[in-house]
Amino acid sequence: MTGMENRPAELVGRMRHDVIEYCALGLLSGGPWGAFDLVRALAGEVGVSPREGTVYPVLARMRQEGLVTTAWREAEPGRPCRFYEVTPAGRAVLESFVGEWLSIRARIDAFVGTAEA
Amino acid sequence: MNERRRQDALVREYLRRLGWSLRELRPDEREPLMAEISDHIATARGLLAAPTDDDVRGLLERLGSPEEISAEVAKQEALRWAGPIRYRPTVAQPLEVHVDEIERVPGGEGPHDPAVAPSPPPASTGPTSTAAFVAAAAIGDPELRAVNLLLAGGLLLGVGWVVGAVLLWRSKVFTLVDKVVGTLVLPGGVLPAVYVLFRPVDAPGTSLAHVVELAACMLLPLLTSTYLHRRLRAVKLRSGFESFRARRAAHAAERERNEMGLG
């Protein structure tokens with residue numbers, strides 16, 4: 001056993017982690033999200049983060065960098081909830097990422113033979 | 001009812017460990033994060049009709065261990081300090097720090113609850129290894145106390161400044177240069193400024209010199225204090241990163257051992 005067989009899993013883990021903030025910006029570009037729902041959407045097996053709790057530090061940094069803002073609203077009557085919203089700076093970052101993503105995806109597809117005919 | 005209390009205790013213990021693992025963060029960074037995670041737990045529990053102990057344990061497991069969360073905080077801190085990178089637009093965006101998250105949702109377990117205030121974990125649940133643990137433990141309160149006492153401790157009849165100087169020189173975190181700067185610029189902290197402020201000025205033409213002297217006595221201790229705070233923060237950041245790297249190395253080593261059938 002060389003450990004090489006674990007590489008794909010590690011790579012996927014790293015890639016998923018590195019794109020969390022862009023996935024968050026993508027979700028928020030459709031409108032504000034409550035913190036709980038946003039984290040649940042980003043984490044877990046179908047998300048991009050293996051652990052829900054590790055999404056919060058990412059969101060905190062994005063808030064500090066001015067990519068998102070937060071505000072308290074009532075998710076349900078009597079239950080205040082923090083809502084996240086993308087800022088113009090966040091939209092600009094997302095747009096920039098999307099351009100790069102399309103480009104790199106096309107290049108990788110060409111290299112590994114997954115480009116659509 | 002007992003079940004509910006047991007589950008409350010599980011959550012409190014988790015938040016206490018989280019508070020401990022995030023103890024190096026400034027309160028204005030730690031408390032909003034603790035509040036968000038506390039709210040997350042409360043919301044997730046609210047979605048369970050009749051949760052069992054295992055349900056609550058599973059919920060906490062989905063969140064990740066306090067150590068995983070603190071490692072992520074260290075990574076994000078490093079990203080923030082690295083400045084705009086990766087897919088940032090070329091036009092500089094104004095950085096905006098939002099300090100609106102100190103409010104708490106009523107009813108949830110949170111960092112303001114004394115029962116979950118950061119406190120040392122039992123010996124078996126602390127950080128696992130490495131010199132990073134030693135560094136993290138060493139840069140706790142004494143260093144902050146030293147810096148604050150060096151600035152303002154002189155007002156306590158001068159005794160506070162002396163205590164601050166002793167703490168500074170006993171510290172294993174500050175370098176010799178830090179200690180010399182902290183001690184000599186200025187001895188007494190802001191006390192000399194108070195003395196200059198209330199000293200009678202009787203000779204004509206000395207008012208400008210008096211103002212300059214007063215400004216120097218005010219500014220120098222403030223600059224020194226800022227410098228020491230920045231040094232402390234840099235060391236904390238580095239220790240957080242070392243801790244993260246050490247955990248990752250330990251994880252890799254463990255996996256390798258398992259693969260070789262030694263685990």
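Visitor: Is the crossing of α2(A) and α5(A) left-handed or right-handed?

Guide: Good place to start, and please keep in mind that this is a predicted model. In general, two packed helices are described by the angle between their axes and the distance between the axes. Here the crossing of α2(A) and α5(A) is left-handed. The axes of helix α2 (residues 20–28) and helix α5 (residues 88–112) of chain A come within 10 Å and cross at roughly 115°.

Visitor: Which residues make the contact between α2(A) and α5(A)?

Guide: From α2(A), the contact uses A:Tyr22, A:Leu25 and A:Gly26. On the side of α5(A), the partners are A:Gly90, A:Val93, A:Leu94 and A:Phe97. Sorted by class, this contact has 5 nonpolar residues, 2 polar ones and no charged residues.

Visitor: How many residues of helix α4 of chain A are buried?

Guide: In helix α4 (residues 55–64) of chain A, 9 of the 10 residues are buried, so this helix is largely enclosed by the rest of the structure. The buried residues of α4(A) include A:Val55, A:Tyr56, A:Pro57 and A:Val58.

Visitor: You mentioned peptide bonds. Which residues are joined by a cis peptide bond?

Guide: A cis peptide bond joins B:Val185 and B:Leu186, with omega at about -20°. B:Leu186 sits in the loop between α8 (176–184) and α9 (191–198) of chain B.

Visitor: Let's turn to charges. How many salt bridges are there over all chains?

Guide: The count comes to 18 salt bridges over all chains. One of them pairs the side chains of A:Glu85 and A:Arg73, at 3.3 Å from N to O. A:Glu85 belongs to strand β3 (residues 79–86) of chain A and A:Arg73 to strand β2 (residues 68–76), so the pair ties together parts that are 12 residues apart in sequence. A:Glu85 is partly exposed, with a relative accessible area of 32%, and A:Arg73 is partly exposed as well, at 35%.

Visitor: How should I read a salt bridge inside one helix?

Guide: An α-helix has 3.6 residues a turn, so residues three or four places apart point the same way. For a case here, take B:Arg4 and B:Asp8, whose side chains meet in a salt bridge at 3.7 Å, N to O. Both lie in helix α1 (residues 2–21) of chain B, 4 residues apart, about one turn of the helix. B:Arg4 is partly exposed, with a relative accessible area of 45%, whereas B:Asp8 is buried, at 18%.

Visitor: Which residues are linked in a network of salt bridges?

Guide: That network links A:Glu21, A:Arg61 and A:Glu65.

Visitor: Last one: how many disulfides does the structure hold?

Guide: A disulfide is a covalent bond between the sulfur atoms of two cysteines. This structure holds 0 disulfides over all chains. As for individual cysteines, A:Cys81 counts as buried at 10% relative accessibility, and B:Cys217 is buried with a relative accessible area of 10%.

Conventions
Residues are numbered from 1 along each chain as its sequence is written. Chains are lettered from A and ligands numbered from 1 in the order in which they are written. This is a predicted model: local features need pLDDT of at least 70, side-chain atom pairs count only at pLDDT 80 or more; totals for chains, interfaces and linings use all residues. Side-chain values use heavy atoms; hydrogens and water are left out. A disulfide is a pair of cysteine sulfur atoms within 2.5 Å. Buried means under 20% relative accessible area, exposed over 50%, partly exposed in between (1.4 Å probe, protein chains only). A salt bridge is a side-chain nitrogen of Lys or Arg within 4 Å of a carboxyl oxygen of Asp or Glu. Helices (H or I, at least four residues) and strands (E, at least two) are DSSP runs, numbered from the N terminus. Axes are lines fitted to C-alpha atoms, for helices over the stretch in contact, and angles run from 0 to 180 degrees between N-to-C directions. A crossing is left-handed if the near helix is turned anticlockwise from the far one by less than a right angle, and right-handed if clockwise. Contact means heavy atoms within 4.5 Å. Ala, Val, Leu, Ile, Met, Phe, Trp, Tyr, Cys and Pro count as nonpolar, Asp, Glu, Lys and Arg as charged, and the others, Gly among them, as polar.
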